Amino acid sequence: METLSLLASGFEVALTPTTLMLAVAGCIIGTMVGALPGLGPSNGVAILVPLAFSFDLDATEALILMTSVYYGAMYGGRISSILLNIPGDEPALMTTLDGYPMAKAGRGGEALVLSGVASFVGALLATIGLMLLAPVLSRVAYLFGPAEYFALYLLAFSTLGGIASDNQRKAALAACIGLGIAMIGVDNSSGMPRLTGGHLHLMDGVDFLVAIVGLFAVSEVFVFIESHGKNTAIGVKLEKIVIPFKVIGRCTGTMLRSTGIGFVAGILPGAGASLGSFLAYTGEKAMVKDSSMFGKGDPRGVAAPEAGNNAAAGGALVPMLTLGVPGSGTTAVLLALLLTLNITPGPQLFAERPEVVWGLIAALLIANFVLLVLNVPMVRLFVKVLSVPPGVLLPGVCMVSFVGIYSLSSSHVDMLLMVAFGVLGYLLRKINVPTVPIILGILLGNAMEDNLRQAMTLSGGEWQFLFSTKIAIGLWIAAVTGFIAPVFLRRFIKQPKPHVDEQMDVDRLTD
Amino acid sequence: MTDRLFGLVALFTGLIYVYAATGIQSGFLPDPVGSRTFPMLVGGVGALCGLLIALKPDRPEPVWPGARTLLSLAVACVVLVGYAYALKPLGFLLPTAIAAGVLSYQIRPKPQAALLTGLGLSGGLFVLFKYVLGLGLIAVPRDWL
């Protein structure tokens with residue numbers, strides 16, 4: 001009952017004309033960003049966050065706008081996956097496996113509608129799950145002391161490194177790079193500058209938005225220069241769009257199962273949407289009786305990962321809002337947004353600023369219905385976005401990034417740093433070092449150190465204090481398992497290979 | 001080879017980081033951990049990861065671009081750095097048109113399309129930012145008018 005009255009108060013916030021308009025605008029922008037080939041939720045949201053500050057929005061409004069963009073991009077990502085065989089980001093990869101073959105067989109419209117409905121089911125149920133689970137978890141979070149928080153941050157890094165990357169050494173190094181960058185600047189506790197090399201500009205530390213935009217968006221430009229945008233333009237024409245009620249009906253079970261899997265995967269700190277869509281797809285393939293069509297255009301292979309990754313997107317908001325630990329690259333970007341808005345996620349947020357949390361949840365519920373309308377009957381409009389050539393899109397993304405960072409600080413040093421992060425991001429991607437742990441490190445570094453120091457001050461320097469409670473021990477065990485277990489599991493679970501189009505290779509050669 | 005080299009770079013960067021962290025001044029408050037421990041820990045773990053990467057490199061080797069693409073990438077870098085310096089003193093329109101045009105040319109080497117992209121993005125984004133989103137951008141420096 002309490003939840004319902006809180007939700008009602010949330011709708012009071014969300015149904016004001018301004019907020020409603022922002023949610024709708026966020027959904028439209030998000031779907032477009034998601035559909036743009038080469039842009040996905042994380043880099044799309046990243047370039048828009050700095051701009052969101054330049055409007056006079058209050059915290060709730062800014063949060064609602066950007067979360068709507070996030071949800072929208074999760075929906076929109078499937079459009080380029082299905083029609084172009086180009087995933088906007090990692091979670092969308094699974095959708096290409098069956099979506100693209102379906103589109104090639106002339107069932108593109110069907111795949112788009114089905115995946116739109118699957119996204120809706122996944123995202124809506126996950127938002128309801130968020131609504132029910134987040135307040136409970138926020139009460140559990142009161143039991144967390146500094147030792148537990150330190151272990152929790154470690155857990156986030158280790159699951160992220162263990163699951164999202166195929167090389168633990170490189171993921172751990174990425175986390176260290178991020179943590180190392182976070183240390184730069186004035187030390188909160190002692191007031192002394194650290195590792196600034198005497199540069200005045202670095203006294204405030206490296207702005208995480210600069211790092212995020214550089215690593216996620218500017219690096220994309222270099223990647224496209226290398227590929228000359230060649231693997232983008234070939235796609236499948238979209239024929240008439242009909243709503244395949246029969247297929248949707250047959251996929252209901254798939255959607256519900258995948259939503260459950262995706263939501264749980266999303267809640268795990270550090271795991272996020274990639275794991276959600278991966279588990280949903282492989283789980284569904286293992287569960288159905290006749291899986292011979294998987295990878296060749298099985299509608300269930302489209303419904304499963306889409307429901308899974310959208311459910312994970314909702315699930316990832318649970319640890320982000322209650323514990324301040326993001327579950328994916330995009331939620332890391334949203335955490336950056338929260339921190340810049342001076343909203344500290346955690347149990348206090350639920351107790352002291354319920355209008356932020358419940359306004360957000362109500363806005364997400366509304367956003368889902370808006371997105372269903374945008375993504376099923378109006379999907380044709382967004383398909384047009386696919387034809388933006390990379391030669392226009394990427395310079396545009398780059399210029400928007402610059403203006404965003406410039407509007408934050410009006411300093412050329414930040415823009416130079418952003419370019420440096422762009423180059424770093426490109427190099428690391430070539431060497432197969434994941435960039436999300438870097439962002440997480442920059443975001444969580446100071447909090448992680450503060451918690452360690454508090455824990456040590458409380459215990460008078462006894463290191464055993466870090467393992468002194470049941471919760472802390474549990475988190476440490478989970479962290480170690482999350483980091484090591486995937487090494488062994490990888491032998492049994494193979495990542496499905498994305499569909500390679502022979503025709504496309506020929507075109508690439510002749511282009 | 002790439003991974004071995006990269007691992008060594010990471011190893012040495014980590015060690016330098018640890019060395020730099022030893023030079024951090026401590027504060028006056030009593031603190032059992034201090035300002036140095038955590039950075040040193042991070043640098044140490046990073047160096048260790050670097051060493052492990054160098055000892056056990058990934059297969060297969062990443063494919064590095066050829067000389068011409070490297071040149072394109074370098075040009076793009078220079079343009080972006082120049083843009084960072086030029087945006088404030090030279091106003092939005094001119095630097096954006098040049099930077100966007102050059103970047104577009106690096107992605108798709110078609111001069112006409114690149115020129116149009118530069119002009120279009122510069123004008124279009126200016127209108128969007130200035131008049132739709134209300135950002136305080138300057139079109140061209142005042143003393144040019």
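**Reading helix packing and chain shape in a two-chain model**

Tutor: Helix 2 of chain A and helix 4 of chain A are roughly parallel to each other, because angles under 35 degrees count as roughly parallel. Please keep in mind that this is a predicted model.

Student: At what angle do the axes of helix 2 and helix 4 of chain A cross, and within what distance do they come?

Tutor: The axes of helix 2 (residues 17-35) and helix 4 (residues 59-84) of chain A cross at roughly 30° and come within 6 Å. Helix 2 of chain A passes helix 4 of chain A in a right-handed crossing. The residues of this contact divide into 17 nonpolar, 11 polar and 1 charged.

Student: Is the crossing of helix 13 and helix 19 of chain A left-handed or right-handed?

Tutor: One starts with the axes. Those of helix 13 (residues 329-340) and helix 19 (residues 436-459) of chain A come within 10 Å, and they cross at roughly 25°. That angle makes helix 13 of chain A roughly parallel to helix 19 of chain A. The crossing of these two helices is left-handed.

Student: Which residues of helix 13 and helix 19 of chain A meet?

Tutor: From helix 13 of chain A come G329(A), A332(A), L335(A) and A336(A), which meet V436(A), I439(A), L440(A) and L443(A) in helix 19 of chain A. By class, the residues of this contact are 7 nonpolar, 1 polar and no charged.

Student: How is the packing of two helices from separate chains to be read?

Tutor: The reading begins again with angle and distance. Helix 7 (residues 168-183) of chain A and helix 2 of chain B pack at an angle of about 150°, and their axes are 9 Å apart. Helix 7 of chain A is therefore roughly antiparallel to helix 2 of chain B, since angles over 145 degrees count as such. Helix 7 of chain A passes helix 2 of chain B in a left-handed crossing. Among the residues that make the contact are L173(A), C176(A) and I177(A) of helix 7 of chain A, and V42(B), G46(B) and C49(B) of helix 2 of chain B. The contact as a whole divides into 13 nonpolar, 4 polar and 2 charged residues.

Student: What radius of gyration does chain B have?

Tutor: Chain B has 23 Å, whereas a compact globule of 145 residues would have a radius of gyration near 15 Å. Chain B has 5 helices and 0 strands. Its domain assignment gives domain 1 (2-55) and domain 2 (67-144), and the C-alpha centres of these two domains lie 39 Å apart. Along its principal axes, the C-alpha trace of chain B spans about 60 × 50 × 25 Å.

Conventions: Residues numbered from 1 in each chain as written. Chains lettered and ligands numbered in written order. Predicted model: local features only at pLDDT ≥ 70, side-chain atom pairs only at ≥ 80, totals over all residues. Axes fitted to C-alpha atoms, helices over the stretch in contact; angles between N-to-C directions. Helix = DSSP H or I, 4+ residues; strand = E, 2+ residues; numbered from the N terminus. Parallel < 35°, antiparallel > 145°, perpendicular 65-115°, else oblique. Left-handed = near helix turned anticlockwise from the far one by under 90°. Contact = placed C-beta atoms within 7 Å. Nonpolar A, V, L, I, M, F, W, Y, C, P; charged D, E, K, R; others polar. Domains from an automatic or database assignment. Rg over C-alpha atoms; globule rule 2.2 N^0.38 Å.
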